[in-house]
Amino acid sequence: MIKSVKLRLAIVLATIVLALIYLFPTMGGSVPDWWGKIFPTEKIHLGLDLQGGIHLLMEVDVEKAMHASTDRMTASVQRILLEEKIKVSEVTQGETGTIKFILEDANALEPLQTFLEERFPIWNHMSTQGSLVLYRVSEKEKQRIEKLALDQAVETMRNRIDQFGVAEPEIRVQANNRILVQLPGVKDTRRAINLIGKTALLEFKLVNDQFDPAKISAAELGDNLEVLYEQTRDPETNAIVSKRPYVLEKKSLMTGEYIANANVRFNSQFGEPYVSLEFNSQGAKLFDQITAASVKRRLAIILDNNVYSAPVIQERISGGQAQVSGRFTAKEAHDLAIVLRAGALPAPIRILEQRTVGPSLGRDSIRNGFISMVVGFLLVVVFMVVYYRLSGLVANLALVLNLLFIMSILALAQATLTLPGIAGIVLTIGMAVDANVLIFERIREELHFGKTPRAGLDSGYGKAFLTIMDANITTLIAAIVLYQYGTGPIKGFAVTLSVGIISSLYTAIFVTRLVFDMVAERHPLKKLSI
Amino acid sequence: MQFLNSNKMSVDFIGKRRLFMMISAIAILIGIASLVVRGGLNYGIDFAGGTMVQVRFAKAVKSDSVRQALAGIDMGSASIQQFEGDAAHEFLIRVEKSKSGLVGLSDEIKMVLDRDFGAENVDIRRVEMVGPKVGKDLRRQGMLAILYALIGILIYVTVRFELRFALGAIVALAHDVMITVGVFALLDKEFSLPILAALLAIVGYSLNDTIVVYDRIRENMKGGGKANFVNIVNTSINQTLSRTILTSLTTVLVLISLFVLGGGVIHDFAFAMIVGVMVGTYSSIFIASPVVISMQPKKK
């Protein structure tokens with residue numbers, strides 16, 4: 001313990017000034033310009049449960065990404081096999097992540113194996129049964145594809161959220177292909193979730209008008225045709241109002257990956273919004289070829305397996321422009337333009353956990369939290385003065401400083417204050433006086449044994465010190481475990497509890513001792529008000 | 001002012017330890033029995049999975065008409081609970097199922113409420129959806145958290161004191177957790193993430209009390225010389241008694257403030273803490289130290 005009262009007083013005053021500096025931006029509505037040049041301007045962050053917002057835990061369907069990726073690899077294997085003239089009659093994806101080869105004759109087996117070993121080492125041989133040969137993608141490649149899908153999904157989501165305009169979003173990858181997204185202050189939950197979670201795979205496919213979509217049989221569809229629907233939803237209720245079927249050629253001629261820009265435009269006749277697309281040069285060339293080859297046929301524009309429109313190609317389109325129209329509201333068109341610009345997710349996502357707090361509840365929680373803090377504080381303060389008189393007053397001073405330090409440490413550490421966090425602070429108020437109770441009870445005991453006030457103070461503080469440390473460190477252990485395992489708001493409880501414990505050690509021991517010593521220095525203590 | 005003068009106290013806590021252990025054992029058994037009768041804890045959606053919507057209506061609405069509005073939705077079993085007090089137009093709708101699609105059950109619930117009561121009268125204040133997988137994860141993590149906290153404490157107390165003290169502390173903590181959980185089972189109160197956090201806080205808090213007593217025992221053992229261990233323990237409990245009770249008192253004071261004024265989310269958390277702090281105080285006095293005595297190696 002430092003002996004000099006003056007030095008200790010300087011330390012305490014310095015920490016108080018420092019705490020006030022860190023707390024000022026949170027307290028004063030806005031900080032003056034010059035402040036930011038010298039001092040920190042960070043405010044205490046409010047958790048989603050206090051300011052309102054969305055917490056989403058999503059899982060990327062990596063199996064689908066794997067399937068799509070294997071499909072692409074299968075196609076390129078097939079193309080090269082054809083060039084190499086290796087006699088294989090069929091190359092298809094079997095179970096996800098496997099390729100099935102059917103040999104034209106048994107002699108083709110050896111060249112096929114050598115070819116795959118040389119050119120596609122990521123494929124491992126699984127089994128050969130007569131003319132059927134199975135290959136599986138290697139574990140390492142599988143992991144690479146899954147990680148890529150996850151990274152791409154995060155990147156795309158970040159892009160979309162940035163364009164949507166959310167202040168301080170948090171996007172994090174977690175174990176098991178999960179992504180955590182937190183959007184503070186977002187009010188329209190459904191819109192935000194749609195924007196983040198929509199796969200947004202845009203495809204162009206030709207319509208086959210030879211069949212009646214209502215009557216076509218599975219046999220007629222075969223492997224190359226499919227039926228997709230144009231669904232119209234009620235903008236109010238989101239319920240499907242009508243469903244119109246189309247027979248489409250399964251092969252997608254082009255996807256959204258060539259989109260350079262997407263913007264909302266309004267139809268000059270009815271003022272209806274639509275999304276106009278601009279392709280990059282590669283896409284423009286491709287689109288030119290597609291339209292040139294299929295003039296007078298209908299080209300369906302499909303987003304996530306929903307047909308949006310299927311206009312007739314009147315003439316070859318070489319400008320690299322297209323449009324997606326449907327029955328959009330202006331908001332929907334705006335969001336669609338964002339997702340098309342930001343690109344498609346590599347695989348669909350599932351929502352595992354969603355927590356949304358509306359702004360009105362957040363405000364109520366802040367108010368309730370604040371009121372219970374004030375009332376709890378007053379109860380303790382009154383009790384301490386009644387029970388310990390002037391010494392209780394000293395403990396109360398420590399309590400006030402403790403609150404000040406907790407808040408300023410939260411601002412300094414950029415910690416997030418949540419409702420359970422406020423509960424943690426309230427709880428700390430009750431527990432922080434414990435150190436003083438321990439010390440005061442000890443001093444009373446010592447005085448009872450006939451010690452002088454001065455000696456009683458010394459031995460009271462001295463003997464209580466280790467006890468206080470032991471007792472608080474164990475509580476800290478529980479708080480740290482809670483921080484490790486807690487999620488979201490609960491973490492906030494662990495934070496304020498830990499901060500409160502540490503800061504209470506300083507205020508309840510160091511600061512109160514200083515006050516007693518300062519008093520003792522001026523007036524020799526005859527009697528202790530305790 | 002002084003309630004208890006620690007220098008004059010001499011209650012024979014240790015002599016009556018069998019009685020208190022019996023009382024605790026009965027309390028724990030009642031908790032276990034209610035767990036069995038109720039078929040486990042009433043897990044909230046955090047742990048069981050499901051969907052919860054907190055909705056406030058602009059005008060008075062009967063819970064029956066809310067139930068009617070929801071009738072068409074496939075959502076498994078549902079509970080509709082009306083908030084008490086001035087927020088009388090506020091309801092908590094909990095349903096068993098959850099959907100992982102972009103349009104969740106909460107959206108469906110909002111749609112039918114908007115349809116039946118008018119969108120301008122419906123304020124969706126909070127939505128929580130936890131899928132079954134995440135619920136299972138959270139349950140497992142929660143168990144682990146308590147286990148790790150106990151192990152960490154066991155190590156710390158062993159290092160600072162002795163193993164038998166650490167074991168006494170752990171028995172007391174397990175006692176507190178079991179009784180608090182038992183109270184939740186008995187009252188069929190919902191067990192959610194904040195309650196788990198409360199349990200961990202209780203563990204920390206109750207230990208705090210126990211350590212103070214242990215510390216005194218250690219101190220008295222150094223000075224005591226020949227004094228009998230049982231007497232030392234008894235004296236130590238008496239000496240720290242006023243502090244133990246005072247600190248619990250201030251803590252319970254603030255918890256009551258949280259319980260009454262903290263609002264819905266904090267209400268049950270504060271309840272768990274109040275139960276836990278009181279049980280923790282009891283166990284620090286009547287359980288933790290007596291267990292250390294029971295583990296005292298028998299001398300000839």
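**A walk through chains A and B**

Start by selecting helix α1 (residues 5–27) and helix α11 (residues 359–412) of chain A: their axes come within 8 Å and cross at roughly 60°. Axes here are lines fitted to C-alpha atoms, for helices over the stretch in contact, with angles running from 0 to 180 degrees between N-to-C directions. Helices (H or I, at least four residues) and strands (E, at least two) are DSSP runs, numbered from the N terminus. That angle makes α1(A) oblique to α11(A); under 35 degrees counts as roughly parallel, over 145 as roughly antiparallel, 65 to 115 as roughly perpendicular and the rest as oblique.

Now show the side chains. On α1(A), the contact uses A:Ile16, A:Ala19, A:Tyr22, A:Leu23 and A:Thr26. Facing them from α11(A), you will find residues including A:Leu401, A:Phe405 and A:Leu412. Two residues are in contact if their C-beta atoms, placed from the backbone, lie within 7 Å. Colour this contact by class and you get 10 nonpolar, two polar and no charged residues. Ala, Val, Leu, Ile, Met, Phe, Trp, Tyr, Cys and Pro count as nonpolar, Asp, Glu, Lys and Arg as charged, and the others, Gly among them, as polar.

A word on what you are viewing: this is a predicted model, where local features need pLDDT of at least 70, side-chain atom pairs count only at pLDDT 80 or more, and totals for chains, interfaces and linings use all residues. Residues are numbered from 1 along each chain as its sequence is written, while chains are lettered from A and ligands numbered from 1 in the order in which they are written.

Next, select helix α7 (residues 189–197) of chain A. Its buried residues are A:Thr189, A:Ala192, A:Ile193, A:Leu195, A:Ile196 and A:Gly197. Buried means that 20 or more other C-beta atoms lie within 10 Å of the residue's own (exposed: 12 or fewer; partly exposed: in between), with C-beta atoms placed from the backbone. Their cover includes α6 (139–164) and β8 (178–184) of chain A, together with β4 (122–130) of chain B.

Follow that link to the interface, where 65 residues of chain A are in contact with 60 residues of chain B. On the chain A side, α7, β18, α11, α12, α13 and α14 each supply at least two residues. That side has 35 nonpolar, 20 polar and 10 charged residues.

Finish on chain B, with its 10 helices and four strands. Its C-alpha trace spans about 80 × 45 × 30 Å along the principal axes, and 48% of its 300 residues are buried.
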